[in-house]
Amino acid sequence: MAIQVNPNRMELLQLRRKQAVARRGHKLLKDKLEGLLRDFMRIVREYRELRASVDAELSGVFRGLILASASMPREAFLTALAFPKCRAALEVREKHLMNVRVPVFVFSIEGVLQSYAMQSTTYDLDLAMGSVRRVLERMVRLAEVEKTIELVAAEIEKTRRRVNALEYVLIPQQEEAIGSIESKLDELE
């Protein structure tokens with residue numbers, strides 16, 4: 001679909017200015033897209049490493065809890081886990097990554113997770129509860145990274161659509177209109 005214009009010098013000058021702005025915008029958007037893709041790949045690598053370590057740590061915690069529940073009386077196990085003397089807090093902040101607002105989670109646990117008497121529990125439970133705090137912190141970091149990936153991927157898609165619209169639609173239409181105006185003006189001369 002060609003741009004409908006009057007073939008005069010004023011239109012030609014306006015179209016040339018618009019095309020210069022479109023080319024500059026295209027270059028800026030293309031640079032933004034490259035930066036987003038670079039950051040996206042870095043975040044995905046971090047996500048993979050974090051996911052593997054969280055999965056390994058969680059399986060260790062669950063293994064310890066299963067061993068503890070198998071080696072302790074059921075009532076003692078449930079009582080040991082029933083009333084932790086701690087409080088978890090999650091604060092959500094945000095930062096900008098290539099003009100994308102991404103969350104930053106600040107997680108803290110106040111108090112002690114192990115609120116039971118050591119003589120009534122097994123070593124497996126003590127080990128599992130000792131690593132729960134670290135696993136929780138890493139799980140919150142994992143959630144932050146997953147949300148960042150989601151937001152950056154959406155911004156990449158939006159920027160890619162804009163770059164393609166400029167590159168394959170608007171700039172070629174402007175070039176075609178400029179060419180037709182120039183040919184009409186040449187005919188008139």
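The crossing of helices α1 and α3 is left-handed, meaning that the near helix is turned anticlockwise from the far one by less than a right angle, whereas clockwise would be right-handed. Welcome to a predicted model, in which local features need pLDDT of at least 70 and side-chain atom pairs count only at pLDDT 80 or more, while totals for chains, interfaces and linings use all residues. Residues are numbered from 1 along each chain as its sequence is written, and side-chain values use heavy atoms, leaving out hydrogens and water.

**The helix pair**

- Helix α1 covers residues 9-71 and helix α3 covers residues 123-188; their axes come within 4 Å and cross at roughly 165°.
- Here the axes are lines fitted to C-alpha atoms, for helices over the stretch in contact, with angles running from 0 to 180 degrees between N-to-C directions.
- That crossing angle makes α1 roughly antiparallel to α3 (angles over 145 degrees count as roughly antiparallel, under 35 as roughly parallel, 65 to 115 as roughly perpendicular and the rest as oblique).
- In the contact of α1 with α3, the residues divide into 37 nonpolar, nine polar and 21 charged.
- For that division, Ala, Val, Leu, Ile, Met, Phe, Trp, Tyr, Cys and Pro count as nonpolar, Asp, Glu, Lys and Arg as charged, and the others, Gly among them, as polar.

**The chain as a whole**

- The protein chain has three helices and two strands, arranged along the sequence as α-α-β-β-α.
- The radius of gyration is 30 Å, well over the 16 Å that the globule rule gives for 189 residues, so the protein chain is more spread out than a compact globule.
- This radius is taken over C-alpha atoms, and the globule rule is 2.2 Å times the number of residues to the power 0.38.
- Along its principal axes, the C-alpha trace spans about 105 × 25 × 20 Å.
- Helices (H or I, at least four residues) and strands (E, at least two) are DSSP runs, numbered from the N terminus.
- Of the 189 residues, 32% count as buried (buried means under 20% relative accessible area, exposed over 50% and partly exposed in between, with a 1.4 Å probe and protein chains only).

**The hairpin**

- Strand β1 (residues 85-97) pairs with strand β2 (residues 100-112) in the antiparallel sense, over 13 bridges; strands pair if DSSP finds at least two bridges between them.
- Lys95 has Val102 in β2 as its bridge partner, and Glu91 stands opposite Val106 in β2.
- Two residues lie between β1 and β2 in this hairpin.
- Met98 sits in the loop between β1 and β2, has a positive phi near 55° and is partly exposed at 33% relative accessibility.
- Asn99 is also found in the loop between β1 and β2; its phi is positive, at about 65°, although Asn99 is not a glycine, and with a relative accessible area of 65% Asn99 is exposed.
- For context, most residues other than glycine have a negative phi.

**A reference point in α1**

- Ala20 lies in helix α1 and is partly exposed, with a relative accessible area of 38%.
- Although Ala20 and Ala88 are 68 residues apart along the chain, their C-alpha atoms are separated by 55 Å.
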